[in-house]
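Biologist: I am new to this structure. Could you take me through it?

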Amino acid sequence: MAIELVREYLKQYGRSQDIIELEQSSATVELAAQALDTQPERIAKTLSFMGSDGAMVIVCAGDCKVDNHKFKETFGVKAKMLKPEEVESYTNHTIGGGCPFAIPQQTKIYLDESMKRFDYVYPACGSANSAIKLSIDELEQLIPYQAWVNVCKGWE
């Protein structure tokens, strides 16, 4: 199960005990916000795409959408989400539990600027009922991200 991969991954940073396991589903931004009693924009959603040189994930604030123009300007290709049946093989996670932790090394991770306006966010932890509360600095320390990018709209 992916949450066990994440638990093992976070253990190396002494953070596995900080995973919040919820009674109810957190599979969507809205459900996660309700379950965590927070604003939807603080949910750090992880979206998976196929780039020109392989799979990538974009971690962004819950209230934004990917801007196709910005995405193409940044990555040189049209934003093409992974097919549902491809997501797990490229990310180790299923839809609804996608997160930036324990991602295969060949899949690149990018953080979107939309999250920088918050002191903390809640990414999932590999299941449809888990999360962790992290500051932006902690998020940066816990994942091997490539760069901060600005590829989202609807949050400005």
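Modeller: What follows covers a pocket, strand pairing and the cysteines. This is a predicted model, where local features need pLDDT of at least 70, side-chain atom pairs count only at pLDDT 80 or more, and totals for chains, interfaces and linings use all residues. Residues are numbered from 1 along each chain as its sequence is written, and side-chain values use heavy atoms, with hydrogens and water left out.

Biologist: What volume does the largest pocket have?

Modeller: The largest pocket has a volume of about 480 Å³. A pocket is an open set of points on a 1 Å grid where a 1.4 Å probe fits, with protein on both sides within 12 Å along at least five of seven lines. The volume is the space filled by probe spheres set on the points.

Biologist: Which residues lie nearest its centre?

Modeller: A27, K45, T46, G96 and G98 do, among 30 lining residues, which have an atom within 4 Å of a point.

Biologist: Which element gives the most to that lining?

Modeller: β2 does, with six residues; strands are DSSP runs of E, at least two residues long.

Biologist: In what sense do β2 and β6 pair?

Modeller: They pair in the parallel sense over two bridges, and pairing requires at least two DSSP bridges. A44 has P123 in β6 as its bridge partner.

Biologist: New topic: how many disulfides are there?

Modeller: The search finds zero, a disulfide being a pair of cysteine sulfur atoms within 2.5 Å. For C64, the nearest cysteine sulfur, that of C152, is 3.6 Å away.

Biologist: Is C99 buried or exposed?

Modeller: C99 is buried (under 20% relative accessible area, with a 1.4 Å probe and protein chains only), at 1%.

Note on methods:
Helix = DSSP H or I, 4+ residues; strand = E, 2+ residues; numbered from the N terminus. Buried < 20%, exposed > 50% of the residue type's maximum accessible area, 1.4 Å probe, protein only.
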